[in-house]
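I opened my notebook for this entry to record a few look-ups.

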Amino acid sequence: MLLVRLLLVFLFLTNIAKTNEINLFTSRHYESDIDLYKKFTTETGIKVNIINGKSKVLEKRILDEGAKSKADILFLADAGALFSAQEKTLFTKHNLKNIKTLVPKSLRNQYWVGITKRARILFYNPKFTNLTEIKNISYEDLSNEKWKGEIAIRQANNIYNQSLVASIIEHNGVKKTENWLKKFVNNFARVPQGNDRAQILMVAAGEAKLAVANTYYYALMKSGKKGKEQKKAAEKVKPIFPNQSNRGTHINISGAGILKFSPNKENARKFLKFLLTEKAQIHICKNSFEYPIIKNLKNNLLVEEINNFKEDKSISVSVYGERQKQAFKLMKKAGWN
Ligand code: FE2
């Protein structure tokens, strides 16, 4: 009898443990995110199990495991990566109440919601380039012959670049983008290689006049978290936000959705709601140097120069995913390695 009772208690406890957790599949790799998830656990009693990996690897695993998957949430960088998972019908509708008042329409859909924002911008070195020369620069201007051999950017397989080109196709059409790409690729300072920070280093060293990189990499270098050399390099360059005199600068997101076979959907919903609270947003952005996504919360990063700019809100970030394959094809065709 005692054994049976003990067994029942055991089953009861394991059942509680089972329901009081979420399995978070994420391509994010910030120590500070983990501290935030601990706060969530303290508040709610819901344990967060983190499964880290590259977005394509996580996507494949969830797809392969199908209905047996224990994954509750997929949290990825780049709207294109989220769209890819959406296309494979990995998500269920998140049904988050208040989402309309919380997150701008262009940064979410019914399957996933942006958690942070970033901008893909240009960096220049005032020692070699005058601000007046580039003050009103647009992405379109990067095809101008005056930048021949002067632009540092990473490879075509980089999803941030694919999203940027996708947005340009959406704005200017296929034909114009195709022409633009040919000239743009002709202006590259070297065969594309390295990450975003490597492009900023090129400009700091005077080996290229313009670098294309995401805002948070610049702030990360300036913070000193990547070492003295990178801090010094970042201090030599300045950010410039393209298309300020027309549609605004290209914006992307990191975002998350609840998975179709999630065993803990209610917990997952609580987790997403938590990530969209003011304190969670401030915590993430203070540490990762991304921008908060919720309305009415201002960009307030330590790196003042990247706080204020006009964002391109005219297209939904979903478009990046829809046009990414097309963008990649055109990029390769133009000779972008
Ligand atoms: Fe990144």
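I checked the exposure of Asn 98 first. Asn 98 is exposed, because its relative accessibility of 58% is over the 50% cut-off. I note that the model is predicted.

Next I looked up where Asn 98 sits. Asn 98 belongs to the loop between α4 and α5 (99–102). I then read its backbone angle. Phi of Asn 98 is positive, about 70 degrees, and the residue is not a glycine. I wrote a reminder beside this: most residues other than glycine have a negative phi.

I turned to Asp 78. Its phi is also positive, near 85 degrees, and Asp 78 is not a glycine either. I placed Asp 78 in the loop between β3 (73–77) and α4 (79–87). Buried or exposed, I asked of Asp 78? Asp 78 is buried, because its relative accessible area is 0%, and the cut-off for buried is under 20%.

Last, I went to the iron ion. Which protein atoms are its donors? I found the OH atoms of Tyr 160, Tyr 216 and Tyr 217. These donors lie 1.9 to 2.1 Å from the iron ion. Along the chain, I read their spacing as Y-x55-Y-Y. Tyr 160 and Tyr 216 are both buried.

Notes
Residues numbered from 1 in each chain as written. Predicted model: local features only at pLDDT ≥ 70, side-chain atom pairs only at ≥ 80, totals over all residues. Heavy atoms only, no water. Donors = N, O, S within 2.8 Å, 3.2 Å for Na, K, Ca; no water. Buried < 20%, exposed > 50% of the residue type's maximum accessible area, 1.4 Å probe, protein only. Helix = DSSP H or I, 4+ residues; strand = E, 2+ residues; numbered from the N terminus.
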